[in-house]
Amino acid sequence: MSEPVLVVGAGPVGLAVAGELARRDVPVRVVDALAAPTTESRAIVVHARSLEMLERVGVLDDIVASGIKATGVEMHASGRTLARVELDIVDSPHPYSVLTAQTETERILAGNLAKHGVEVERGVSLVGLEQDADGVRATLRASDGREETVAASWLVGADGAHSAVRRQVGTALEGSFHGERFLMGDVHAEHDFDPRSMYTFFSAHDGPLMVFPMKGDRMRLIAQIPTASTDEASQEWLQRITDERAAGRIRIHDSLWLTCFEIRHAQVPQYRFGRVFLAGDAAHIHSPAGGQGMNTGLQDAFNLGWKLAAGYRGTASETLLDSYHAERHPVAARVIEFSTRLTHLSTLANPVAQHLRNALLHTATGLGPTRHALAEETEETTVAYHDSPAVVGSAVRPKVRGGDHLPDVPGTELRSVLSAETGHVLVTLGALPAVAELPGVRQVLLADTGAPVDGFDAVVADPDGRAAARLGLSRGRVLVRPDGYVGALAEGEDDRPVRAYWELTTPAR
Ligand SMILES: Cc1cc2nc3c(=O)[nH]c(=O)nc-3n(C[C@H](O)[C@H](O)[C@H](O)COP(=O)(O)OP(=O)(O)OC[C@H]3O[C@@H](n4cnc5c(N)ncnc54)[C@H](O)[C@@H]3O)c2cc1C
């Protein structure tokens, strides 16, 4: 058996990637420099696409129970509502965001990891790293100063914005490191906001205030402050700003966490360095506008976990391992672009530009397509890997293409069948035989009745052809990857795309 996979960093991303490995029975060690989990609540929004992934892991109910569901976004200026966008228009079985403290998300992910028998080794920092074609040697330093060199088959650098792994592999974040400055507080407060929404208040003179109601009387408040400001974060300051920008609707009782931060946008040029992968903040950092930092990192973890499990077992081709960078790097680049645009839009200083923005937001969000686009972008439900080197069938016509996330088909058992799997699932639509020689792939037939059919592991009843209508495919095959994305799509009897995917993603025989 080869050496374990070493995950450096037990933030949300490290915990998620380790969980993905552990639930596939891959031996994994997780180390973190901190002696105890952080108490900083940081990311508080978990978006729809992340919720879909967390459902597959089996922790969705815990995440939902730890917070509240936000089903809308509202924008206000000069005492009036400019726009309200309902999130339930997004194409997801979970069309909402969960507002919960990052500490809760980490607690739940660490609990999931412990269920698989993996405990985080705390007070242990990575300080050195070497690799060759056969493995990685990492130097770890314990809090008492003792050092050990450990062998690992693969290593994941999920050690955050100041990543040591990133330094060790000789790369760096590239981008902009200075920008707008914000005062942020997690507080207990009295307010009259609908807790099912997230709010932005544009201010004519001072930049925006963002308001996120949380569980009980807790709230996250984020307010732009002057870039040159060196003042310490304080509750009085936050109350004063809130009074000015949200018309006295919030009375802060006490604060749990107060901080000032400056916006930075940057990304490493490469996510894979031989046997070392970078994920989460170690690979990309962005503005908290849109709340996509942690979400993008979590999705890195779900993209990488199953590929690395295959790498550990020797069943992944180089193309599959490289596809982590090919698929996830453009996603973070787009998040950086989106959150930069959103930040510029909310921090406009020129009164004419502000007036235009307000008028445009009011008119555009009244239009269905704009509302849809905004909600889908926010919830990350448009993320797809059409240009991936490890996807087949992205040019085929049906509603779902290779590289899309497989949509839910309400009224069928398909989602629960897929959720129970840690490997690939080949879904066949119409009267076609099972495909031979796909070791380890669970084959599911969508048919009129749920009666067993030779060659298939499960038959899901789709009596009125809902799945066919939803996928735009009455006869054909959809190969669903372990992360829920479509690896291959084949129309009619032609099973060559499925075989081509297999050839691409497994080592040459
Ligand atoms: C004020 C603030 C507000 C934010 N709000 C949001 C939001 O609303 N929504 C959102 O999506 N994102 C938000 N973010 C971003 C979000 O917190 C990060 O994107 C997220 O924490 C990234 O997770 P990670 O696991 O990659 O890194 P981290 O959470 O930073 O975890 C990295 C871990 O690695 C450990 N480590 C570091 N160096 C070493 C080493 N050498 N050896 C071993 N361990 C090491 C650290 O101790 C840490 O536990 C916010 C961030 C901040 C600062």
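I began with strand β1 (residues 5-8) and found both faces covered: Val5 and Val7 on one side, Leu6 and Val8 on the other, are all buried. For me, buried means under 20% relative accessible area, exposed over 50%, and partly exposed in between, with a 1.4 Å probe and protein chains only. I noted that in a regular strand the side chains alternate between the two faces of the sheet. My helices (H or I, at least four residues) and strands (E, at least two) are DSSP runs, numbered from the N terminus.

This is a predicted model, where local features need pLDDT of at least 70, side-chain atom pairs count only at pLDDT 80 or more, and totals for chains, interfaces and linings use all residues. Residues are numbered from 1 along each chain as its sequence is written, and side-chain values use heavy atoms, leaving out hydrogens and water.

Next I looked up the partners of β1; two strands pair if DSSP finds at least two bridges between them. β1 runs parallel to β12 (residues 154-157), joined by four bridges, and valine 7 stands opposite valine 156. β1 also runs parallel to β2 (residues 28-32), again with four bridges, and here valine 5 stands opposite valine 28.

Then I turned to helix α4 (residues 102-115), which has 14 residues. Which of its residues are buried? I listed Gln102, Thr105, Glu106, Ile108, Leu109, Asn112 and Leu113. Seen down the axis of α4, they fall within an arc of 165° (taken from the directions from the helix axis to the C-beta atoms), so they line one face of the helix.

Last, I saw that glycine 117, which follows α4, has a positive phi, near 85°.

Terms used
Expected span 1.5 Å × (residues − 1).
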